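I opened my notebook to record what I looked up in this structure. The entries follow the order in which I went.

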Amino acid sequence: GHSFVSGGMDTTIKLWRLEDDAVVRDVVASSDKSMITDIRRTTQIQLPYFSTNHAQTDYADCVRFLGDCIVSKSIANIILLWKPVLGEGGRAGRACEKNSDAIIPLREFVLSNCD
């Protein structure tokens, strides 16, 4: 798809869309050696389409998509399989709306040592 997931030291996991024409163009250009120029352009995405701090209680050091689910791991060695609760058009609700950062936990794995 045209999304990626990021995790942070603040326990927040965010989903980002790469559907903007400028972003798609720059991603394609960065992987095509014939389109690379001496000047590298930086394209910014200001806001994620989903953000939650309900998946992990510690620094999320690894996050991946698994179909329409997310697998996240914290430094506390907890791996969680979960789904974001998205509204119309696959987007989260506004920040002021109740449960705009809600998730559906599907499975939790607690490991004694997971690097």
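What follows are my notes on a sheet, a core and some rings.

**Ground rules.** I'm working with a predicted model, where local features need pLDDT of at least 70 and side-chain atom pairs count only at pLDDT 80 or more, while totals for chains, interfaces and linings use all residues. Residues are numbered from 1 along each chain as its sequence is written, and side-chain values use heavy atoms, with hydrogens and water left out.

**The sheet.** I started with strands, which are DSSP runs (E, at least two residues) numbered from the N terminus. I found an open sheet of 3 strands in the order E1-E2-E3, paired antiparallel; two strands pair if DSSP finds at least two bridges between them. Its edge strands are E1 (3–7) and E3 (50–52), each of which pairs on one side only. I jotted down that 5 bridges join E1 to E2, with serine 6 opposite lysine 14 in E2. Then 3 bridges join E2 (residues 13–17) to E3, and there leucine 15 has phenylalanine 50 as its bridge partner. The hairpin of E1 and E2 has 5 residues between the strands, and threonine 11 takes a positive phi near 70 degrees in it.

For valine 5 I checked contacts (heavy atoms within 4.5 Å). Leaving aside neighbours within four places in sequence, valine 5 touches residues including Ile13, Leu15, Val63 and Ile70.

**The rings.** How many aromatic pairs are there? I got 2, using rings of Phe, Tyr and Trp (its six-membered ring) with centres within 6.5 Å; planes under 30 degrees apart are stacked, over 60 edge-to-face, the rest tilted. Phenylalanine 4 and tryptophan 16 are stacked, because their centres are 6.1 Å apart and their planes at 15 degrees. Those two are 12 residues apart, in E1 and E2.

Is each one buried or exposed? The cut-offs are under 20% relative accessible area for buried, over 50% for exposed and partly exposed in between (1.4 Å probe, protein chains only). Phenylalanine 4 is partly exposed at 36%, and tryptophan 16 is buried at 14%.

Phenylalanine 50 and tryptophan 82 make a tilted pair, 6.4 Å centre to centre with 35 degrees between the planes. Both are buried.

Note on methods:
Helix = DSSP H or I, 4+ residues; strand = E, 2+ residues; numbered from the N terminus.
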